[in-house]
Structure formats: structure tokens, C-alpha cells
Amino acid sequence: MTRVVLRALGTLLLSAFLGSILLFVGMRIIGGDVANVMLGKSATPAALSEVRRQLGLDDPWTTQYWDWISGFLRGDLGQSYASGYDVASEIARRLLVTVPLALIAMVVATVIALITGTAAALNASNRRGAVIDAVSQIGIAIPSFWLGVLLVGLVSVRWRLLPAGGFVSWGASPLEALRSLVLPAIALMVPLAAVQTRYVRSSMLAVLDEDYIRTARARGHTMRSAALVHGLRNASIPIVTVAGLQLGSLLAGTVIVEVVFGLPGLGQLLVTAVNGREVIVVQSVGLVLLVIVLLLNFCTDLLYAILDPRLRTRRGAEGPEAPA
Amino acid sequence: MVNVAGAPVSRRRHVGTRRRSLRAALIAALTGVALGVAACGGGSSGNSGTTAPAAGTATTTPASRPVDTSKTTLRFGFFQEPPNWDFIASDSTAIKTIIGLNVIETLLQRSDDGKLQPLLAKSYKTGDGGRQYELTLQDATFQDGSPMTSADVVYSMDQYRKSKNATISSAYKGVSKIEAVDDHTVRVTLKQPSNSFLGALATEAGFVIKKGSAASLKTKPMGTGPFAFSSWRQGVGLTLNRYDGYWGKKPVLKTVKVSYITDGTARINQLRAGQLDLVFAAADDLPPIQGDPRFKTYEYTTAEKSYLALNAKDPTLKDPKLRQGLAEAIDPKAIIKGVLGGLGTPLCVLISPGEPGYTNRCAYSFDPASAKELLAEAGVKTLRLKYISDFSKSADVVSSALKEVGVTVKREPRDLPTYLKEVLGARPDYQLTVLSGPQSIDAWRCPGWFVGYCDKAMDKLLDDADTAPSPGDYARLRQQAAEQYAKQSYVRVWASAKQAVAGSSALQGIRPTIVPLSEFDFRGISFTTAGS
């Protein structure tokens with residue numbers, strides 16, 4: 001187990017370092033800078049140079065990188081050039097929108113996927129299973145933003161049940177904050193649940209062929225109760241990996257849904273900062289997201305090892321044929 | 001276990017039955033919670049009309065309808081949030097749209113038909129052959145209660161003179177001295193007479209801010225206007241609250257809540273869902289509300305001009321016949337219809353309707369036959385078109401129009417910051433570009449901005465206009481300057497863009513123009529009792 005933890009930690013740190021370099025260099029090679037954006041169309045070359053000098057944009061890249069990363073490691077994520085806001089505070093505020101949104105979508109998607117994927121596996125040879133398969137294919141094909149627009153048109157505009165967009169802060173009204181997230185969460189959840197359903201189905205089909213399921217049947221369990229009581233835990237191992245990866249990409253990928261629903265989340269902040277060439281904001285937000293994804297992968301690896309004891313030993317990890 | 005008939009019942013079946021009941025109960029409970037969350041949160045907050053008026057309600061707003069004094073909060077959806085509110089450093093229209101005249105007032109303002117009117121300067125007189133202006137100030141206070149004096153005006157003008165933002169500092173290029181005569185009088189001395197100086201006082205160059213407040217403009221702009229800048233949540237929106245110490249006529253509205261929503265469909269959806277009262281809209285966003293008597297679309301003139309610009313430093317484009325061919329190849333109506341969605345009027349010069357010197361005369365008209373001939377003579381087969389990716393519709397129109405006359409267009413889309421650097425930067429790198437902006441003919445004085453064409457004859461006409469003895473001569477000479485430049489066809493103007501806002505048909509008081517400040521004027525807006 002110690003080996004697993006150390007290996008995962010090493011991967012996390014190396015990935016974070018390489019990711020920070022990629023973010024730093026990437027923002028500098030895409031063209032344009034924040035001085036152009038701040039001063040607008042009528043900016044004179046002299047004015048642009050002066051602003052770049054004031055912001056340190058003409059310092060050597062190594063200096064700029066060190067200034068940024070050393071501040072980041074101390075907890076100082078920098079300030080927006082154009083607006084002056086503190087990046088760390090802004091990220092914290094926006095995480096209160098993006099994290100609940102991603103978590104609600106992921107949890108609901110996973111629960112639905114476990115139910116529908118298991119049902120699909122148990123009904124693999126009949127019409128019910130075929131219907132679940134078809135519905136999950138449609139769910140995978142539906143783009144989140146299109147679903148979001150459809151939901152707004154029906155639920156908000158026509159039926160006036162939920163807000164069409166915007167976000168009321170948790171402090172002002174937890175209930176209104178939750179209502180603001182329902183439709184965006186559904187828009188995100190549907191394709192997620194559809195993908196996970198496919199994984200659960202495949203995984204459960206493999207588990208249903210195992211000897212211990214046959215034993216459980218012989219002892220009087222129905223196929224369904226054997227699957228749920230004895231098979232689900234084993235079938236869920238790959239789901240843990242998939243869910244962990246999906247959650248990481250969800251945090252960064254909520255941007256389209258945030259735009260459709262006007263949610264002030266992390267994705268929207270990132271897009272605004274890229275368009276405004278706010279290098280510090282993009283770098284810091286990007287690195288925070290990267291670290292969160294890496295931490296999720298780290299936790300997934302650990303959870304994997306907890307769920308499957310075979311992975312805790314080197315022999316177990318190499319497989320049943322490995323020499324003692 | 002046994003059933004009611006006494007027959008044994010399998011324990012497994014009994015367990016299965018109980019589990020089915022539990023599952024059904026759980027599903028029912030979850031559904032109930034979901035419906036409860038949806039229903040008991042209440043409808044949208046605020047004061048949108050919730051009752052649809054009878055069909056057949058008039059779609060044009062009468063001059064003045066009875067005001068609904070119970071509805072004093074306007075929820076406004078806008079698409080562009082500025083990075084900060086410092087209008088001295090940045091010429092971002094997004095800043096002026098919200099704070100112009102609402103929060104920070106100008107010394108003079110323009111009426112809807114373009115005439116200069118007093119505002120913070122209640123009167124002015126000229127002296128020394130037009131080289132001196134003496135402005136007498138209103139008894140106004142800033143939103144913190146402190147009185148506005150000539151010291152604040154002098155401070156403001158000094159800030160603008162020193163600014164690196166050419167849009168604001170150019171107004172003071174000809175100024176030699178600014179002084180406070182007394183607490184309510186400011187004297188400005190020019191190096192030579194300038195007709196444009198007074199007009200500039202109706203733009204951001206005429207904003208009055210409190211002495212010493214320039215540094216706080218970024219996050220908390222303050223002025224003498226009827227609305228105070230109360231709070232700003234970046235990426236979300238801001239709130240303006242009515243300033244009850246305002247020196248002039250107090251607005252009916254007590255609160256304006258501006259929400260920043262970049263997507264047009266999202267703005268219209270929130271309008272339709274009752275979360276917003278008024279939204280900025282592009283032509284494409286309007287169909288869902290057309291024909292709905294609860295909403296009305298208002299169009300107003302802007303200073304925004306759409307045009308095709310040619311890089312004068314590119315040797316291929318030096319041939320005037322080639323440029324004439326390009327000017328004749330593209331139908332302005334196609335731009336107005338295909339790009340602006342009908343929200344525009346044809347324009348051929350770099351002066352907007354309502355500005356001195358405006359004319360609707362054109363040096364060249366749409367003539368594809370002539371264009372084909374001229375372009376064939378010039379022997380140009382391919383041209384490069386660099387543009388901001390948001391301008392793809394303009395690029396579509398230009399590409400297909402030039403294809404009709406035998407020229408292939410190689411398209412080079414760019415995002416905004418890259419475009420600003422490559423086209424509007426120190427070394428413009430483009431051949432053709434499509435753009436729009438509120439800049440008028442003065443922006444193209446030598447060295448010719450990003451086009452790089454220096455027309456000394458035009459500059460002379462603009463200089464003569466500035467020192468002309470009368471407003472009539474001023475306008476006439478500016479018109480000549482604009483037509484002179486249009487003839488060279490380095491900048492082919494197509495249209496003056498109109499802006500649409502869509503909102504509740506219960507609103508009134510939306511001005512038909514936002515020239516020259518690009519402000520969206522909340523001062524006269526109110527809800528009416530009819531049509532709510």
C-alpha cells in the first residue's frame with residue numbers, strides 16, 4: 001500500500017510541474033496580450049509598451065515563471081492585471097458554483113448509471129435491455145449545451161418552474177442557489193449517466209459470468225439479488241476510475257453550460273481570462289484545476305487499491321500467474 | 001409465512017414485494033422533493049409583468065403613458081463586461097454604456113437630434129476669437145454628498161490630457177491652459193479656435209470626476225449622475241442605486257441591476273422567463289419574442305460603423321482602380337441584411353447620423369459589372385482577409401461578393417487579442433480586414449491609424465473645419481473631409497449599425513440614439529401601468 005501511495009504521489013507532483021510549464025508557455029505563444037485588451041483599439045505603441053513594462057510582461061520568461069510559481073506555492077495566486085481582483089479569492093468564490101454543479105451532476109449520474117447499467121446487464125438478452133442500450137446511446141450523442149437550451153425553453157420559459165439562468169449565492173438563499181443549479185446539472189448529468197451506464201453494463205456482464213454469482217444462484221438468490229449483493233462491488237471498480245476521470249474533466253468542462261445558463265463559475269472565469277489574455281489568472285486557474293484533477297486521480301488510485309486488495313501487493317498487481 | 005388463504009408464501013417473494021414497495025415509495029418521495037424544490041422557490045424575484053396583456057396591444061410606445069410607481073427596479077441584461085471601470089486608461093465601450101450619464105455626467109450632452117445641450121456646464125461663453133471657453137457649472141454634488149466645484153473639472157481635464165488613451169487625450173491636444181476662475185467657473189484656453197472642442201465635452205473627454213478619484217475609478221466609479229455605482233460582482237453583474245441628492249430631475253427608477261450574460265439566447269431566455277426586464281439583443285436573438293405582445297423591440301442609432309479596411313502599406317492595394325473595384329463589388333444592403341440582421345442604415349462616410357458632417361452620399365455604389373472589369377484590369381486573383389472570428393458573417397459576405405467578381409479571398413480568422421496585436425498593433429499585418437467601431441473620421445488623420453494612409457488633404461479640411469467660424473461651416477468642411485477620404489477607398493464604409501434592445505412592453509423612455517457617448521441612458525426609463 002505504501003508503494004501505491006508513493007508512486008501516485010510522485011506522478012502527481014511531476015504532472016503538476018510539467019502542467020505548470022505547459023500553461024505558462026501556452027499563454028505566451030497564442031498571440032496578443034492583456035495590454036492590447038486593456039487599452040483597446042485606439043492604443044498607441046508607446047502606451048502599450050508602458051503598460052507591458054508596468055505589468056512586467058517584458059521581463060524574461062524565467063523571471064515571470066519564477067515570480068508566478070513561487071507566489072503560487074506560498075498561496076498567492078496573483079491578481080488580475082485589468083481588474084485588480086485577487087485570483088485566489090475569485091477562484092474560491094467560483095468554486096462554490098462549479099464544484100456543487102459538478103458534484104450534483106456526477107453523483108446523480110453515477111446513481112442512475114448503477115441502476116440502469118445493472119438493469120441493462122440483467123436484461124441483456126431481451127427487449128428491455130435493448131431499450132436501455134438505445135436510450136444510453138442517445139444520451140451520449142446529446143450535446144450538453146443543446147440539452148441545456150431545450151430545458152430552458154421548456155422548464156423555465158414555458159412552465160416557469162426553474163430559473164433560465166443566473167445564480168443566487170448560497171449565502172443569500174441556499175434554496176435559490178440549488179434551484180439555479182438544477183437545470184445545468186441535468187444538462188451535464190445526462191451524457192455522463194449515459195456513458196457510465198455503458199461501463200456499468202459491460203462490467204456487470206463480466207461479473208455475472210463469475211463463479212461466485214453461480215454459487216449465489218445455487219444458494220437461492222435470484223439473478224438480480226446475486227448481482228446487487230455480490231456482484232455490484234466488483235463491477236463498480238472500473239466505474240470508480242471512470243467517475244474520477246469524468247469529475248476532473250467536468251470541473252473544467254462546465255464552461256459551455258455556465259455560458260448557456262449565465263453561471264459565474266470557474267469555467268466562465270477561465271474563458272474570460274483567456275479572451276482577455278490575463279496570463280496570471282489563466283495560469284493560476286489552470287494550475288488549480290490541474291491539481292484538483294491530479295488529486296482526484298490520486299484518490300481514485302487509492303480507492304481502487306482499497307476496493308481491490310489484489311492491487312495492494314506487488315504480486316496481486318502483477319496478476320494471478322506471477323511467481324511467489 | 002402464509003397468505004390470506006392459508007397457503008404458504010415464499011419468504012423471498014414477500015421480501016421482494018416489500019422491496020418493490022420501498023422502491024416505489026422512494027421514487028415517490030424523490031419526485032415529491034423535486035417538485036417541491038421547483039415550486040416552493042417561488043417565481044423570479046423582482047417586478048416583471050406576469051400577466052399577458054390582451055392580444056392586439058399596440059406595439060409602439062406612446063410618448064408618455066402613466067407611470068407605475070410601484071415598479072422601480074429595472075433588471076438589465078448586457079453582453080459585455082469591462083475588465084474595470086477606468087475610462088481614462090481604456091476606451092472600452094462597455095464602460096461608457098453603463099456609467100455614461102447614469103453615474104458620471106459630462107459637461108455637455110447631445111439631444112436626440114444631435115444638438116449640444118447643457119448638462120454639468122449650465123452655460124458657456126467663448127472669447128478671444130474662439131480660443132477661450134468659459135464654462136459655468138451647475139450646483140451639483142457627487143454621490144458621496146460632496147459638492148462639485150471647478151477644481152474637480154480642472155482635475156478631470158488634466159487627467160484626460162495626460163492619458164495614454166488617445167480617444168480621450170486627443171480632445172485636449174489643442175488646449176494650452178485650464179484654470180478655475182472661481183468655484184463654479186472654468187476657463188479653457190486653446191492654442192487656436194476649435195469647433196470640435198465643445199463637441200468633445202459631450203463625450204468621455206467631458207466626464208467630471210471628483211478630484212483625486214482617478215485611482216478608484218477601476219472598481220468604484222463615482223460622479224454626479226442620478227445613479228450611484230453601488231456594487232459590482234465581476235462576472236455576474238452590478239447594481240446602480242438612485243442618488244437622491246441628484247441636482248437634476250430624479251429618475252423614476254430606484255435601482256438598476258445589470259446582469260452580464262454573454263450569450264444572446266441566454267439573455268432572451270431570461271427575459272422570457274421573467275428574470276430580466278430589458279436586454280441587449282442581436283438581430284438573431286429576436287425571433288422568439290417577435291409577435292409576443294408582452295415584449296417589444298426598441299432600435300436606436302449608434303455611432304458604430306461597419307467597414308472594410310485595406311492596408312495602405314501593401315503594394316498590391318496601391319492601385320486606386322483596384323480599390324474602387326473592391327468598393328463597388330460589395331453591396332451594403334447585403335451587409336445590413338446578412339450581417340446586421342436588418343439593424344442598420346446605409347452609410348458611406350466615417351461620420352455617423354447625428355454627428356456634424358453626416359451625409360448619405362456615396363463616392364461609389366454597388367456595381368459588380370464595373371468591379372469585375374476593374375479587378376480584372378488590376379490582375380488581382382487572390383486577397384487575404386484577416387478578421388476577428390466574431391465577424392465571420394462579414395467575412396462570408398465579402399468572400400462571396402469578391403468571388404462573384406473573380407477574386408478569391410483567403411480567410412484568416414483571429415481571436416480578439418491576437419487581432420488587436422496583428423492588425424491594430426505597431427506593425428499591422430493584414431491585407432483586407434472587416435471591422436466596426438464608433439471612431440469617426442478624425443481617427444484616420446495622418447498617419448492613418450492601422451490603415452496607414454495619410455491623406456494630407458483630408459487633414460487640412462478637418463483642421464479648417466475645426467477653426468471654421470460657424471457650426472454650419474464646421475459641418476460642411478467635415479463632410480468634405482469625410483468624402484475626400486471615402487473617395488480613396490482605403491476604408492469602405494457600408495453601414496451605420498443600429499442596436500436593438502428587447503424588453504417588456506410596459507417600459508417607456510428608451511432613447512432612440514446613443515450617439516456620441518455609446519451610453520445606455522437609464523435616466524428616463526420607467527414602467528407604465530398600461531400593458532403590464
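## Surface patch and interface

Helix α7(A) is the largest contributor to the nonpolar patch, giving five residues. The model is predicted. The patch lies on the surface and is formed by A:Phe145, A:Trp146, A:Val149, A:Leu150, A:Leu154, A:Trp159, A:Leu161 and A:Ile256. Together these residues have about 730 Å² of accessible area. A:Phe145 is placed in helix α7 of chain A.

The table lists its totals.

| Item | Value |
|---|---|
| Residues from chain A | 44 residues |
| Residues from chain B | 42 residues |
| Area buried between chain A and chain B | about 3800 Å² |
| Share of that area from carbon and sulfur atoms | 53% |

How many salt bridges are counted between chain A and chain B? The count is one. The side chains of A:Arg277 and B:Asp415 meet in a salt bridge, with an N to O distance of 2.6 Å. The rule also finds six residue pairs in polar contact across the interface of chain A and chain B, with both residues at pLDDT 80 or more.

On the side of chain A that touches chain B, at least two residues each come from α2 (34-39), α3 (45-55), α5 (87-122), α7 (144-158), α8 (174-208), α12 (255-261) and α13 (266-275) of chain A. Of the elements of this side, α2(A) gives the most, with four residues. By class, the side of chain A that touches chain B holds 20 nonpolar, 14 polar and ten charged residues.

Technical notes. Residues numbered from 1 in each chain as written. Chains lettered and ligands numbered in written order. Predicted model: local features only at pLDDT ≥ 70, side-chain atom pairs only at ≥ 80, totals over all residues. Heavy atoms only, no water. Contact = heavy atoms within 4.5 Å. Buried area = accessible area lost by both parts, 1.4 Å probe. Salt bridge = Lys/Arg side-chain N within 4 Å of Asp/Glu carboxyl O. Polar contact = N/O pair within 3.5 Å; in protein donor to acceptor, adjacent residues only side chain to side chain. Nonpolar A, V, L, I, M, F, W, Y, C, P; charged D, E, K, R; others polar. Patch = residues over 30% accessible without salt bridge, like charges linked within 9 Å, V, L, I, M, F, W, Y side chains within 5 Å. Areas by Shrake-Rupley, 256 points an atom, 1.4 Å probe, with all protein chains shown as cover.
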